[in-house]
Amino acid sequence: MNVKYERKSAMTFIGFSTSISPEEGYIKCPKFWDKEYSQKYSRLWQTMKPETQDEKAIFENGIGMFAICDEKDGFFEYWIAGLYKGGEVPDGFKLYTFPESEWAMFSTKGPLPNSLQELNTKVWQEWYPNEGQKHMGNGNAMLEVYSAGNMQSPDYECGIWVPICRTKVN
């Protein structure tokens with residue numbers, strides 16, 4: 001499993017979300033992407049010319065290059081998001097800010113959603129019980145990071161970033 005640690009300034013994201021129970025995540029997250037793509041993205045990616053405020057926000061902020069998993073009590077809020085560059089926040093869109101933080105950054109290659117789901121399982125079943133226990137989490141959210149390109153290619157790159165704030169003293 002590829003992991004690197006890096007400090008990043010505070011980051012604000014813009015996007016839209018849905019609530020998902022943890023046991024349904026691997027099924028409902030891809031379904032959420034499919035639904036939102038057909039409603040918000042399909043025409044935009046054909047023309048690359050935003051016509052609505054939603055399309056403008058998606059286009060200008062790269063909404064879809066990230067997903068946020070924000071753990072709540074008994075569920076998580078799953079966001080399709082992009083780095084917020086300023087401007088109007090259309091109805092139905094929200095902002096989310098991660099504070100300045102150290103990050104544990106994991107990467108993988110392979111077709112979606114399997115490559116990302118396999119990485120997620122490894123992060124929480126292998127890294128977190130071992131190396132991850134040496135760190136304190138910085139909030140209850142993490143990022144999925146997507147690259148441009150063919151998401152079904154064996155060479156497609158994506159990742160998971162987990163914010164951490166410091167090494168625990170044993």
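Analyst: **Strand β4 and its surroundings**

Ile 20 has Phe 76 of strand β4 as its bridge partner. The model is predicted, so local features need pLDDT of at least 70 and side-chain atom pairs count only at pLDDT 80 or more, whereas totals for chains, interfaces and linings use all residues. Residues are numbered from 1 along each chain as its sequence is written, and side-chain values use heavy atoms, with hydrogens and water left out.

Strands (E, at least two residues) and helices (H or I, at least four) are DSSP runs, numbered from the N terminus. Two strands pair if DSSP finds at least two bridges between them. Strand β2 (residues 11-20) runs antiparallel to β4 and is joined to it by eight bridges. Strand β3 (residues 66-71) also pairs with β4 in the antiparallel sense, over six bridges, and Ile 68 has Trp 79 as its partner there. Four residues lie between β3 and β4 in their hairpin, and Gly 74 in the turn has a positive phi of about 90 degrees.

Is β4 enclosed or open? Strand β4 (residues 76-83) is largely enclosed by the rest of the structure, because seven of its eight residues are buried. Buried means under 20% relative accessible area, exposed over 50%, and partly exposed in between (1.4 Å probe, protein chains only).

A nonpolar core is a set of buried Ala, Val, Leu, Ile, Met, Phe, Trp, Tyr and Cys residues joined through side-chain atoms within 4.5 Å. The largest one has 30 residues, and Tyr 78 is among those with the most contacts inside it, together with Ile 63, Tyr 146 and Val 162. Another core, of 14 residues, lies apart from it and includes Trp 79, Phe 66, Ala 141 and Val 145. In a regular strand, side chains alternate between the two faces of the sheet.

Contact means heavy atoms within 4.5 Å. Leaving aside neighbours within four places in sequence, Tyr 78 is in contact with residues including Phe 16, Ile 20, Cys 29, Phe 32, Cys 69 and Tyr 146.

Cys 29 has a relative accessible area of 9%.
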